[in-house]
Amino acid sequence: MRIMKRPNILLTGTPGVGKTTLGKELAQRTGLNYVNVGDLAQEGQLFDGFDEEYQCPILDEDRVVDELEDKMGDGGVIIDYHGCDFFPERWFHIVFVLRTDNTSLYNRLESRGYTGKKLQDNVQCEIFQTIYEEAMEAYKEEIVHQLPSNTPEDLERNLEQIVQWIEQWMKDNN
């Protein structure tokens, strides 16, 4: 494993919790590289079919991992995706699971055009802490942290907290 000068961070959580907003702003403030896995898959056509029920492409997880491997080895990457258990554990120094209250999440998803089963399943995913549990099973417990993501104040607090963590990591590891 190469020595990394900057940490790799995973931002995960149910669709609509604010991963992209947080990730883009965090990259801007820190100079880390931001990767939205959905966009990466779209650009590289890293799909393995189409899910008729949810009306969305099915991610080819192996191809995504292959695509990101070298970049992750260099460090300094923020990954944004609503799933987390297929990424290699060795990639991340810290994992943040964003959490949003159900009413806010419902409204955010509805404004994105989610309806019916897709809307209900995503809200249920948040209620049952599905992504948090997935993260706790996939990574060491001590690197997995939940962050509230309901208000602009939460966003600012999360940014400050993560920037502080990055600065400390860089002091401790360089």
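Guide: Helices here are DSSP runs of H or I with at least four residues, numbered from the N terminus. The model is a predicted one. In it, V64 belongs to helix 3, which covers residues 61-74.

Visitor: Is V64 buried or exposed?

Guide: A residue is called buried when its relative accessible area is under 20%. V64 has 0% relative accessibility and therefore counts as buried.

Visitor: Which residues does V64 touch, leaving aside those up to four places away in sequence?

Guide: Contact requires heavy atoms within 4.5 Å. With that exclusion, V64 touches V37, L40, L46, L59, F86 and F87. As for T20, 44 residues from V64 along the chain, the two C-alpha atoms are 18 Å apart.

Visitor: Where does UniProt place the feature "binding site"?

Guide: The unreviewed UniProt entry gives this feature at G16, G18, K19, T20, T21 and R112. The lining of the largest pocket includes G16, G18, K19, T20, T21 and R112. Of the annotated positions, G18 lies in the loop between strand 1 (9-12) and helix 1 (19-30), while T21 is found in helix 1.

Visitor: What does G18 touch beyond four places in sequence?

Guide: G18 touches L98, R108 and S149. S149 sits in the loop that joins strand 7 (144-148) and helix 7 (152-173). Its relative accessible area is 12%, so S149 is buried. Beyond four places in sequence, the contacts of S149 are V17, G18, L98, R99, T100, R108 and D154.

Definitions and conventions: Residues numbered from 1 in each chain as written. Predicted model: local features only at pLDDT ≥ 70, side-chain atom pairs only at ≥ 80, totals over all residues. Heavy atoms only, no water. Helix = DSSP H or I, 4+ residues; strand = E, 2+ residues; numbered from the N terminus. Buried < 20%, exposed > 50% of the residue type's maximum accessible area, 1.4 Å probe, protein only. UniProt positions renumbered as here; feature names shortened; annotations may be inferred. 1 Å grid on protein atoms, 1.4 Å probe; cavity = no way out; pocket = protein on both sides within 12 Å on 5 of 7 lines; lining within 4 Å.
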